[in-house]
Amino acid sequence: MSEPRFRLSPEIVHETVDGEVIAIDLASGSYYSLAGSGPAVWELLGGGASEAEIGAALASRFEADGETIAAAVSVLLGQLQESNLVVSDEQPGEAAPVAGGSGEKIPFEAPRLERYTDMKDYFLLDPIHEVDTAGWPRPAA
Amino acid sequence: MRAAPPDIASEYFEQLRGRYEQAAAATGGAGTLDLEMAGLRLGLRYAGEPLREALLAPFDHLACREAGDPDLMISLFDTASTGVAPPPPPWEPIAAEPGANPVVRLRSERACVLAAAGSRALTAALPAEGVAVFHLPDAAAIPASERAAPIREALQLLMAARGRLMIHAGAVGSGGRGVLLVGRGGSGKSTLALSCALAGMEIVADDYVLLDPASLAVHAMQSTAKLTEDSVARLGIPTGAIDAAGFEPTFEGPAKALVDVRGLAPGCLSRRLEIRAVVAPAVSLPQTTYNGVESRLGEAEPVFRAISAAQGLRAVAPSTIIQSGFGGEGSLAALADLVRRVPSYALELSPDPVANAAAVDRLVGELG
């Protein structure tokens, strides 16, 4: 069995500004900030990557031992999956080219994911129902 | 090979446009209001005066008297004054709990249909073709959400197709340059925007503007602003300036009333401002005691604090995108570009609206 690959959920929109990812979940109305080494992981997830590939890429860019990085990546992937920001699949895929660190390594900061739910009430009051082919409105989520 | 599925969104648009034509004929021909909005010519055609009076007066300040073909056209009708109902929907209607406004959306590559179950506003548009139709059951009973931001969905769809993005923000300034006031409902945007207008500054809007991402200019839509009872009292707004409908419940929180900036601060309404900074107002809680010393409301000075571009983006993007009801990919990228190009600040507000307006005016002057 191949290792699961992770990629960003199609339900989100996101931008990276000032080394911080802002991601908005269009299905729930929650939004997120990802900082520390999180944006480096996020960039890799954009093309789809396995946990091992992410760990290896980070180890080549940051000053930290492999175990510390692997543990941090594992925690973050769990949080991202729980928040529906990433999806995983078991399908064997083309390994995405993982950019290694070409320059000097930089100090490692654990990824920091923060969730904001202050728009949620508004979102729940004003949900969108998509019309499907049978004419039934279904929640957009 | 399978046949392409029918485009029921386009079909519904065409049916609704046909009903509009019937409604216009039933009222002896459509009225037209020609506007210049965000550098585009926008024609508003309406079947029957009741709809025009109730919904379109806040656009009068953008009236354009020169002849010319419109770039965008929105046609409006209601059933009560024309006797013409919209076509039966191809979707199963949904119920709305009191205070909620769920939206049924039907989309295709060409067309978008939005039916709000709470306000019962119906919008169908062909964005790339620059045309939309808007329907309400009764022009004499306009829902509060439509009074505050008339034909918002239609404008959003048509303007987005022309590269103007509707942003959930206010904008005030001086000399054609200004700041974007951002934050979710209740953060103090409207009160601060009106404080600035009452102090003689230029105001584009308190709640929604159209952003041209290339020039970072924002453009005006309606001339009305929405205030809570507390804000009306703090700004000393005379009762006569408040819309006759009074304070109406809003979907997002406390009751608000409409005020028309044209009457309240004559000459301050601006069509366009170039944005030099993003400002997120925050109402700081009145501190009653600090180290045993009483601090009275009214003593605190407004304070600007530089915040990161990411914090600025967090203050403006979620409510813009979540309220938009559409993907929002383009809006988020444009807003990210905005906060990269101009500084962002948090503004801890003073209880004194005059002091807050003076602080914003100073910032605009310093940013040049």
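These are a few notes on the predicted model above, taken point by point.

1. Ground rules. Residue numbers start at 1 in each chain as its sequence is written, with chains lettered from A and ligands numbered from 1 in the order written. As this is a predicted model, local features need pLDDT of at least 70 and side-chain atom pairs count only at pLDDT 80 or more, while totals for chains, interfaces and linings use all residues.

2. Where the domains touch. On the domain 1 side of chain B, 22 residues are in contact with 26 residues of domain 2; contact means C-beta atoms, placed from the backbone, within 7 Å. The elements giving two or more residues to that side of domain 1 are β4 (103-107), α4 (144-148) and α5 (152-161) of chain B. Helices here are DSSP runs of H or I with at least four residues, strands are runs of E with at least two, and both are numbered from the N terminus. α5(B) gives the most, with five residues. By type, that side has 14 nonpolar, five polar and three charged residues (nonpolar: Ala, Val, Leu, Ile, Met, Phe, Trp, Tyr, Cys and Pro; charged: Asp, Glu, Lys and Arg; polar: the others, Gly among them).

3. The core. The largest nonpolar core has 148 residues, and B:Ala171 and B:Val179 touch the most other members. Such a core is a set of buried Ala, Val, Leu, Ile, Met, Phe, Trp, Tyr and Cys residues joined through C-beta atoms within 7 Å; buried means 20 or more other C-beta atoms within 10 Å of a residue's own, with C-beta atoms placed from the backbone. Helix α9 (residues 309-324) of chain B gives the most to this core, eight residues.

4. Strand β7(B). Five of the six residues of β7 (residues 131-136) of chain B are buried, so this strand is largely enclosed by the rest of the structure. β3 (residues 72-78) of chain B runs parallel to β7(B) and is joined to it by six bridges (pairing takes at least two DSSP bridges). β6 (residues 122-126) of chain B is antiparallel to β7(B), with five bridges. In the β6(B)-β7(B) hairpin, B:Gly130 has a positive phi near 75°.

5. Chain A sheet. Four strands make an open antiparallel sheet, ordered β2-β3-β4-β9. β2 (12-17) and β9 (112-116) of chain A each have a single partner strand, so one side of each lacks a neighbour in the sheet.

Conventions. Two residues are in contact if their C-beta atoms, placed from the backbone, lie within 7 Å. A residue is buried if 20 or more other C-beta atoms lie within 10 Å of its own, exposed if 12 or fewer, and partly exposed in between; C-beta atoms are placed from the backbone.
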